[in-house]
Amino acid sequence: MVKLRIRQHVNPLARKYQTSPNTPDWNLVYLNSQRPLHLDIGCARGEFLLEMAKLILDVNFLGVEIRSPLVVNANLERDRSGLTHLHYLYGNINSSIETILKSLPAQVLQYVTIQFPDPWFKNKHRKRRVVRSELVDTLAKYLVPGGIVFIQSDVEFLATQIHHCFSSHPSFQLTHKNTWLGTNPLPVSTEREIYSMVRNKTIYRAVFAKKIS
Ligand SMILES: C[S@@+](CC[C@H](N)C(=O)[O-])C[C@H]1O[C@@H](n2cnc3c(N)ncnc32)[C@H](O)[C@@H]1O
């Protein structure tokens with residue numbers, strides 16, 4: 001995979017990130033757009049989804065990322081791999097999630113991953129964080145009943161905040177007894193996860209399911 005040198009962070013509240021993305025015709029993007037969909041929010045270089053898509057052939061994968069050069073490169077890599085069930089979309093998830101999910105076929109969203117979102121440590125930057133009540137509301141609206149949200153972070157205060165957003169939402173329930181999962185249930189680790197594991201950082205992980213009724 002080609003490594004790009006790009007900005008580490010962008011401010012998602014900047015005006016240029018408030019416009020909704022041009023959503024594609026999903027019938028042209030995926031070989032079968034009616035398959036269950038896995039949405040990865042903040043997919044960065046897309047390596048996690050690329051490996052997932054190589055392993056799992058009966059699910060469509062969609063990565064959304066705010067840094068456009070990463071998206072261009074990730075789609076080139078997807079093309080080189082010849083995968084017809086993987087796509088990367090440039091966009092600010094906070095200003096575009098409804099537009100994106102509305103454009104997809106109904107009842108396809110089954111899995112959502114939010115992995116190592118930018119922490120924006122300073123309180124004055126908290127509105128830049130990805131997981132907010134509006135995002136959780138929209139996921140609740142579009143996920144199929146029983147649909148899964150997997151979150152992980154090595155920043156305890158952020159993971160706790162995200163956990164609270166989902167566990168206090170009437171449409172979601174934690175799928176495990178303890179607050180945090182001991183291990184990652186997914187077969188592929190993200191770039192940031194590998195970075196954290198190598199440094200022996202504690203990783204906070206949780207899985208929520210959308211309630212059936
Ligand atoms: C710390 S990185 C983690 C990347 C990857 N998920 C991982 O675990 O390796 C967070 C990613 O989220 C992206 N991001 C931040 N805010 C975003 C937003 N509002 N919409 C879409 N992507 C966003 C960043 O550009 C960055 O690529």
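Let's start with a pair of helices: α4 and helix α5 (residues 133-142) pack at an angle of about 15 degrees, and their axes lie 10 Å apart. That angle is under 35 degrees, so α4 counts as roughly parallel to α5. If you're wondering about those two numbers, packed helices are described by the angle between their axes and the distance between the axes. As for handedness, α4 passes α5 in a left-handed crossing. On the α4 side, the contact is made by I93, N94, I97, E98 and L101, while α5 brings L135, T138 and Y142. Sort the residues of this contact by class and you get five nonpolar, two polar and one charged.

Keep in mind as you look around that this is a predicted model. Stepping back to the whole protein chain, you'll find seven helices and seven strands. Follow the sequence along and the pattern reads α-β-α-β-α-β-α-β-α-β-α-β-α-β. How does the chain's radius of gyration sit with that of a compact globule? For 213 residues, a compact globule would come out near 17 Å, and the protein chain has 16 Å, so the two agree. The C-alpha trace spans about 45 × 40 × 35 Å along its principal axes.

Now for the ligand. There are 20 residues around the ligand, and G42, A44, F116, T190 and R192 come nearest. Three elements, β2 (60-65), α4 (93-103) and α7 (191-198), each give two or more residues to the shell. So which element gives the most? That's α7, with three residues. By class, the shell has nine nonpolar, five polar and six charged residues.

Methods: Residues are numbered from 1 along each chain as its sequence is written. This is a predicted model: local features need pLDDT of at least 70, side-chain atom pairs count only at pLDDT 80 or more; totals for chains, interfaces and linings use all residues. A residue is near a molecule or strand if its C-beta atom, placed from the backbone, lies within 6 Å of it. Helices (H or I, at least four residues) and strands (E, at least two) are DSSP runs, numbered from the N terminus. Ala, Val, Leu, Ile, Met, Phe, Trp, Tyr, Cys and Pro count as nonpolar, Asp, Glu, Lys and Arg as charged, and the others, Gly among them, as polar. Axes are lines fitted to C-alpha atoms, for helices over the stretch in contact, and angles run from 0 to 180 degrees between N-to-C directions. Angles under 35 degrees count as roughly parallel, over 145 as roughly antiparallel, 65 to 115 as roughly perpendicular and the rest as oblique. A crossing is left-handed if the near helix is turned anticlockwise from the far one by less than a right angle, and right-handed if clockwise. Two residues are in contact if their C-beta atoms, placed from the backbone, lie within 7 Å. The radius of gyration is taken over C-alpha atoms; the globule rule is 2.2 Å times the number of residues to the power 0.38.
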